[in-house]
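Trainee: I would like to learn how to read the side-chain features of a fold. Could you walk me through them step by step?

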Amino acid sequence: MAEAARPDSIDALFARYGPAYRYWVTLTAMMGTISTVLTATIINVALPDIMGAFGMGQDTAQLLSTGFLAAMTGTMLLNAWLVDAVGQRATYLIAMGVFSAASILGGLATGETLLITARLLQGAAAGILQPLAMQVIFQVFPPERRGSAMGVYGIGVVLAPALGPTLGGLLVDSFSWRYVFFIALPFSLLGPFLALLFMPGRTHDGPIRRFDWLGFALLTVFLVTLLDGLSSGQREGWRSDAILVEFSVAIVSVVAFVVWEFRTATPLLNLGLFSRRVFSSAAVVAFIFGAGIYGSTYLIPLFVQTIQGYTPTRSGLLLMPAGFVLALVFPLAGRATDRTPPPLTMSLGLALFALSCFLMTAADTDTPFWTFAGWIVVGRIGLGLVLPSLNAGALAALPQTLLGQGSGAINFVRQLGGAFGVNGLSLLLSDSTQRYAQAFTAAQDGSHTGTTAFLQASTSLLAQSGLAAPERQAVAGRYLDQVIAVQSQMMGFRESFLSVALLFLAALLPTLLMAGAARRRAAAAR
């Protein structure tokens, strides 16, 4: 049966709804994007309350964030096979159904095991949903308008994590941490109704191609063992048998995955995509982009709550101005992508985000609210410039037949960067905090004039408050320990922000390579 004759084909839907169909189907896809990306980051401001409710340690609580990202990364490559097997509409309905059920399960969870399971299911559904939006946009918009469409789509990808902590903080302070699981339900319940009207069905009636179960299993083993090893290494010891075994299994499984993907006729990830220099350069930028957006959204609320004593609501409000600025930047960035070479816009965006993170290295306990908010706005403008041009530039290098696989691959790489970014920054923060704490403690040997003056001032104030002489020294010593702990954490955060800034500056190199390859391809075409 020809595609035009199918009542749920794109041609038939265009005939039914007219040119406005482009925007209706984009809105439908964005319901899934907003639901999943909002849920990915909103949990961060609720972690202290969740840890208190279930008595969870930091390493276990971290799984609520990294587990979601790992599950999302692992299932993202299922998208291309599912779309081929059952069509975009059925894929969307299945994933949204799982996501909604997992959200309800997480909100009603009575134990940490059930809570982590709900987060893993949410992440698995999110991995299937996210590539759909890019696929639909490239199918319904002509090439000269895809940049603008990507700007609209990007609102869901970056605006949701920008506003998520704000909404999460309000919900935690006003109601309970459980409501952070329910916040996305309106979008995830509305999406399926829109999908029944606007999402296209399967494009052909041929046999379903074989799924790469072995590749999927190897990829899952790699992600689970590597991320678990990274999150547990500091607690168990980096040279402990358990951690060394996990890293060894991760290395073996990823090597086996690459070898198998080149040999199988139906690869889960078409590694041939990365032989195209434009696409591979864009993939490197996408990895760094994912690490930056998820890593910074993890660090900033944690910094202001632990160092500056913000409430969850106030820490969420800190990101709100950046969210409103993004709503203005994305359409403009999308139009700029249609008129300028994507690498040019990407370079400007990467430089702005690097500048934002560099400014945050000056943050301390007294940094004003609006100063910090301004730094975040600079970075979010940068991210807003990067995303539309990154997606458009990556997929423009591919033929129409590879758009589905390319969309899944670029989203996969971005989410992989997010999973490693949160894990890596968590490790760096913990390690650098301990390093500074040891250095500061070693300096308190009685010969340090600053320490002596601090203790004398503290005991003097305690004497004025009426505290007995024998207790003054002990209380002053405990206060000094608290000051050292806060100072060590603050320096750890500064080092983490600096590392993100340097990482984004490094991303300028593959962007330049991407520009050079695009110019050579254009010259060859002429």
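**Reading the core and its contacts**

Mentor: Happy to! Let us begin with the core: in its largest nonpolar core, which has 111 residues, Phe303 and Phe372 touch the most other members. Helix α12 supplies the largest share of this core, with 15 residues. Please keep in mind that this is a predicted model.

Trainee: What is the general idea behind looking for such a core?

Mentor: In soluble globular proteins, nonpolar side chains tend to be buried together. Here, another core lies apart from the largest one; it has 15 residues, including Ile43, Phe54, Ile116 and Phe181.

Trainee: Which residues does Phe372 touch, leaving out those up to four places away in sequence?

Mentor: Phe372 is in contact with Ile300, Phe303, Val304, Gln308, Leu318, Met360, Ala363 and Thr367.

Trainee: Now the rings, please. How many aromatic pairs does a search of the whole structure find?

Mentor: The search gives 16 aromatic pairs. As for the general idea, a pair of aromatic rings is described by the distance of the centres and the angle of the planes. Take Phe287 and Phe420: their ring centres are 6.2 Å apart and their planes meet at 40°, so this pair is tilted. Phe287 belongs to helix α12 (residues 277-306) and Phe420 to helix α17, so the pair ties together parts that are 133 residues apart in sequence. Phe287 has a relative accessible area of 29%, so it counts as partly exposed.

Trainee: How are the rings of Phe303 and Phe493 arranged?

Mentor: That pair is edge-to-face, because the planes stand at 85°, with the ring centres 5.1 Å apart. Phe303 and Phe493 are both buried. Ring pairs also join Phe303, Phe372, Trp375, Phe493 and Phe497 into a cluster.

Trainee: Where does the charged end of Arg314 sit?

Mentor: The charged end of Arg314 is placed over the ring of Tyr310, at 4.6 Å from the ring centre.

Trainee: Let us turn to charged partners. How many salt bridges turn up in the whole structure?

Mentor: A search of the whole structure finds two. In one, the side chains of Asp431 and Arg435 meet with an N to O distance of 3.9 Å; the cut-off for a salt bridge is 4 Å. Both residues lie in helix α17 (residues 403-442), four residues apart, which is about one turn of the helix. Asp431 is partly exposed, at 39% relative accessibility, and Arg435 is partly exposed at 37%.

Trainee: What does Arg435 do with Glu495?

Mentor: Arg435 and Glu495 form a salt bridge whose closest N and O atoms are 2.7 Å apart. Arg435 is in helix α17 and Glu495 in helix α19 (residues 469-506), so the pair ties together parts that are 60 residues apart in sequence. Through shared partners, the salt bridges join Asp431, Arg435 and Glu495 into one network.

How values were computed:
Residues numbered from 1 in each chain as written. Predicted model: local features only at pLDDT ≥ 70, side-chain atom pairs only at ≥ 80, totals over all residues. Heavy atoms only, no water. Helix = DSSP H or I, 4+ residues; strand = E, 2+ residues; numbered from the N terminus. Buried < 20%, exposed > 50% of the residue type's maximum accessible area, 1.4 Å probe, protein only. Phe/Tyr/Trp six-rings, centres within 6.5 Å; stacked < 30°, edge-to-face > 60°. Lys NZ or Arg CZ within 6 Å of the ring centre and 35° of its normal. Core = buried A, V, L, I, M, F, W, Y, C linked by side-chain atoms within 4.5 Å. Contact = heavy atoms within 4.5 Å.
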